[in-house]
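Here is a briefing on one predicted model. Please look over the sequence and the coordinates before reading on.

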Amino acid sequence: MAIIFLDSVTSTNTYCGRNIDNLKHADIVRARRQSEGRGRKQRIWSSEEGGLYFSLVLKEGLGGIKTLGLLTQIMALAVCKTARRQGVEAYIKWPNDVLSQGRKFCGILSEAIFDGEKLKAVIIGTGVNVSQDKINSEKPSITLRSLGVKKDAEKLLEDIIANFTADFSLLNRAGFEPLRALYKEYFLYLGKPVTMRVFDEELHGIAEDIDEAGRLVLNEGGKRRLIEIGDMDF
């Protein structure tokens, strides 16, 4: 594993995608700032100095992964564990955000790279608000520093990667089921009414469960739907 540290980049995911042939499994690209940080659906991710912005490259152990979303969820779990061990009451908003006090401090974007029809690599981009003075965001946001976390971005990255590596190994050995209970514990919207936006469709129902593939089980008045990807509001 190598860590490539850049002062400034458009986005670490974009950098990884353009340099994927030169990057090895478990390499990390980290930037002090991003000029075009992005989340799902090309949403802007504020990436000023003081945050932790990195992308993790995966090239091995992908054959048994049921859905790309599982890798996003494992990273969300890793960030949530890290924050909680620092005394933060962190929780997950399915599928790719980590919040505290109703405000977002982490977003995750996973992207697959294909060689023809063969999966070549997965890039997991993660942005964590650590100690920025200002955050430009369309959603309520917060920094870990304002929540009392003293660790710097470098130490937080070490903890996040250690958590992810352990859970990724477990995911490959035994699937999502051994991690599912903890993920559900950190997902505070179970049993609550939510609105899901899946492509151009808006769905309303109760977040009933997270299944063994990491999909959200939505109960729409007795009709259960499995949602693999989408945006959740509450």
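How many cavities of 30 Å³ or more does a search of the whole structure find? The search finds one. A cavity here is a set of points, on a 1 Å grid over the protein atoms alone, where a 1.4 Å probe fits but cannot get out. This is a predicted model: local features need pLDDT of at least 70, side-chain atom pairs count only at pLDDT 80 or more, and totals for chains, interfaces and linings use all residues. Residues are numbered from 1 along each chain as its sequence is written, and side-chain values use heavy atoms, with hydrogens and water left out.

**Cavity**

- The largest cavity has a volume of about 40 Å³. Volume means the space filled by probe spheres set on the grid points, which are joined across faces, edges and corners.
- Its lining consists of Val-79, Thr-82, Ala-83, Phe-105, Val-128, Leu-144, Leu-156 and Ile-160. A lining residue has an atom within 4 Å of a point.
- Two or more lining residues come from each of α2 and α3 (153-174). Helices (H or I, at least four residues) and strands (E, at least two) are DSSP runs, numbered from the N terminus.
- The most is given by α2, with three residues.
- By class, the lining has seven nonpolar, one polar and no charged residues. Ala, Val, Leu, Ile, Met, Phe, Trp, Tyr, Cys and Pro count as nonpolar, Asp, Glu, Lys and Arg as charged, and the others, Gly among them, as polar.

**Seven-stranded sheet**

- An open sheet of seven strands runs in the order β1-β2-β3-β7-β6-β5-β4, with mixed pairing. Two strands pair if DSSP finds at least two bridges between them.
- β1 (3-9) and β4 (90-93) are the edge strands; each has a single partner strand, so one side of each lacks a neighbour in the sheet.
- The twist averages 20° from one strand to the next. Axes are lines fitted to C-alpha atoms, for helices over the stretch in contact, and angles run from 0 to 180 degrees between N-to-C directions.
- Four bridges pair β4 with β5 (residues 97-100) in the antiparallel sense. Tyr-91 has Leu-99 in β5 as its bridge partner.
- Helix α2 (residues 68-84) packs on this sheet, touching β3 (52-58), β4, β5, β6 (103-115) and β7 (118-128). Its direction makes about 145° with that of β6. Contact means heavy atoms within 4.5 Å.

**Ile-123 in β7**

- Ile-123 is found in strand β7. Its relative accessible area is 1%, so Ile-123 is buried. The cut-offs are under 20% for buried, over 50% for exposed, and partly exposed in between (1.4 Å probe, protein chains only).
- Leaving aside neighbours within four places in sequence, the contacts of Ile-123 include Asn-13, Cys-16, Ile-20, Leu-56, Leu-109 and Ile-113.
- Pro-140 is 17 residues from Ile-123 along the chain, and their C-alpha atoms are separated by 26 Å.

**Backbone points in loops**

- A cis peptide bond joins Trp-94 and Pro-95, with omega about 0°. Pro-95 lies in the loop between β4 and β5.
- Gln-101, in the loop between β5 and β6, has a positive phi near 55° though not a glycine. Its relative accessibility is 57%, so Gln-101 counts as exposed.
- Ala-26, another residue other than glycine, has a positive phi near 75°. Ala-26 sits in the loop between α1 (12-18) and β2 (28-34).

**Five-stranded sheet**

- An open sheet of five strands has the order β11-β10-β9-β8-β12, with antiparallel pairing.
- At the edges stand β11 and β12 (231-233); each has a single partner strand, so one side of each is without a neighbour in the sheet.
- On average, neighbouring strands of this sheet are turned by 45° against each other, direction ignored.
- β8 (residues 193-198) and β12 pair over three antiparallel bridges. Met-196 is bridged to Met-232 in β12.
- β9 (residues 201-210) and β10 pair antiparallel over four bridges. Ile-210 stands opposite Leu-216 in β10. Their hairpin has five residues between the strands, and Gly-214 takes a positive phi near 80°.
- β10 (residues 216-220) and β11 (residues 223-227) run antiparallel, joined by five bridges. Asn-219 stands opposite Arg-224, and Glu-220 has Lys-223 as bridge partner.
- The β10-β11 hairpin has two residues between its strands, and Gly-221 in the turn has a positive phi of about 60°.
- β10 is mostly covered, with four of its five residues buried.

How values were computed. On a 1 Å grid over the protein atoms alone, a cavity is a set of points where a 1.4 Å probe fits but cannot get out, and a pocket is an open set with protein on both sides within 12 Å along at least five of seven lines; lining residues have an atom within 4 Å of a point.
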